Amino acid sequence: MAPSQVIKDLQQALPDSRFVLQGAEDYDDLNKVYQSALNVEIRPSCIFLPKSKEEISAFLKHVGPHALSGEVSLAIYGAGCQPLPGCANVQDGITVNLSFLKGLAIEEGRVSIAAGERWGTVYEELGKKGLGVAGGRSAKSGIGGLALEGGLSFHSSRDGFVCDSVLNYEVVLASGEIVNANGKENADLFRALRGGGNNFGIVTRYDFPTFEQGPMYGGSVYYFAPSFPEQIQHLVDELQKPDASKDTHLMVSTGYAAMFGPQMMCQNQLYHNSPEENPAVLRPFTSVSPQLDQLNSMRVLSLAEAAKEQAGDSPVIQRSAYFNTTLKADASILQEAAEIYTAGLEPIKPCEGLICSLTLQPHARSLLEASAAQGGNSLGLSPADGPLVSVLLLTYWSNQRDDAAVLETMESILGSIKSRAAARDQLVPYTYMNYAFTSQDPIGSYGAENKAELQRVSKRYDPQGLFQKGVPGGFKLFP
């Protein structure tokens, strides 16, 4: 059966549901919701806009056999922030767009968040009640990409990865059955979803614990590249302290954008979970000199304002790609990584619209300890591994003709960084799924035991492999 006939049958079987076909008035707008143009260029035959878990259940019951037989392919769209091509869109298939699944339910000590919400809305609503949640750092980002793949929050040093805070996942399985996964119900699925990605079903709702959250202090400091080695040393010094603060969230970056001229520019993104002005723990990063004072945004702000500022840093619908690896918190190897990156960028600097950065994001010991204390996840990291630093290569550019040059350059830079780190026993075999590109294998990086457990859980809850065979995008559990 052709995809067009599958779609016609779905329209008859689900008459009250909304299916937007190519050529429809709002098709193009619905297909321009991705962060990266690499996904906007993908053209599904149909965009399905469910309004409830029941609609998703009925959809999977009808479409499942056709997807398993190869007649049509599916993709699941949450917020479209991951630039990996095809991870949330599918050429000539059906993209299930979850953006109509809205709603927040705030109860004593927890918040239940529908899959179509964005973190900015969550923070605004919780803020009205003086509450916060360990969610995403960008107001524009969706819930699932972080809650299913790991994720860092402004509170990760205290609370672990975003996925570690999830109390319950509401999931529509391949069979159409709607289940809850938590520490008591479907516990193996619960742990697998904490890092295993969109491999087991369509998650329609996430429950998180809330906490009292007042104003915080944070923002960005921009400065010049000669000061970057000192900032790396400050970062490592803080991470290696026996009593390192659990109230900070630190990111230090070096990068290139034509608007700043030919030189590399650097940025510290700094947050402290209190309203104290410029606390002592942040001063090594806020006092860097010389800096671009007019771009300094450090201030007392709300959680919602912090997330809004982070979202403002993302260019709109450019071509983009992320690559990443993880290193031990060692200043010399991190500095060497920065040198490799800086030298490696030279051949692609003429590419139109190039904006790129090497961003260092810590995984403090306290983060890994909090992760373990909350029951663990699928990621394969333990407190004994820490402290660690996630190394993100983030790249935006304008033209398709530069795709090969940009991607090959980033592959080469990443390979050189990993090679040097491995030679010095500073490489950690963990790749963050949400920052990974096509050539990377995040699930394999979790370790053989964790991968085997994820495969076992997949076979239990999706025995025919709908989310492996019928949903081709993203990182799969089986070859």
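What volume does the largest cavity have? It comes to about 100 Å³. Keep in mind that this is a predicted model, so every value here is computed from predicted atoms.

**The largest cavity**
- The structure holds two cavities of 30 Å³ or more, and the largest is lined by residues including Ser156, Ser157, Glu238, Leu239 and Ala244.
- Also on its lining are Ser245, Thr248, His249, Leu250, Pro362, Ala364 and Leu367.
- Helix H7 (156-159), H10 and E13 are the elements that give two or more residues to this lining.
- E13 has the largest share, with three residues.
- Sorted by class, the lining has six nonpolar residues, five polar and one charged.

**The second largest cavity**
- This one has a volume of about 60 Å³.
- Look for Arg137, Gly151, Leu152, Phe161 and Gln361 around it, among others.
- His363, Ser390, Tyr430, Tyr432 and Tyr435 line it too.

- As a bit of background, nonpolar side chains tend to be buried together in soluble globular proteins.
- The largest nonpolar core has 144 residues, and those with the most contacts inside it are Phe59, Ile94, Tyr169, Phe208 and Leu360.
- E18 gives the most to this core, with eight residues.
- Leu360 is a handy one to click on: leaving out residues up to four places away in sequence, it touches Phe228, Ile232, Leu235, Leu250, Met251, Val252, Leu334, Val389, Ser390 and Val391.
- There's also a second, separate core of five residues, including Val20, Leu30, Ile47 and Leu49.

**Helix H13**
- H13 covers residues 331-344, which makes 14 residues.
- From first C-alpha to last it reaches 20 Å, close to the 20 Å expected at 1.5 Å a residue.
- Its buried residues are Ala331, Ile333, Leu334, Gln335, Glu336, Ala337, Ala338, Ile340 and Tyr341.
- What covers them includes two helices, H10 (228-240) and H15 (403-423).
- Strands E13 (248-257), E16 (319-328), E17 (355-363) and E18 (388-397) are part of that cover as well.
- Leu334, buried in H13, is one of the residues that Leu360 touches.

Technical notes
Residues numbered from 1 in each chain as written. Predicted model: local features only at pLDDT ≥ 70, side-chain atom pairs only at ≥ 80, totals over all residues. Heavy atoms only, no water. Helix = DSSP H or I, 4+ residues; strand = E, 2+ residues; numbered from the N terminus. Expected span 1.5 Å × (residues − 1). Buried < 20%, exposed > 50% of the residue type's maximum accessible area, 1.4 Å probe, protein only. Contact = heavy atoms within 4.5 Å. Core = buried A, V, L, I, M, F, W, Y, C linked by side-chain atoms within 4.5 Å. 1 Å grid on protein atoms, 1.4 Å probe; cavity = no way out; pocket = protein on both sides within 12 Å on 5 of 7 lines; lining within 4 Å. Points joined across faces, edges and corners; volume = space filled by probe spheres on them. Nonpolar A, V, L, I, M, F, W, Y, C, P; charged D, E, K, R; others polar.
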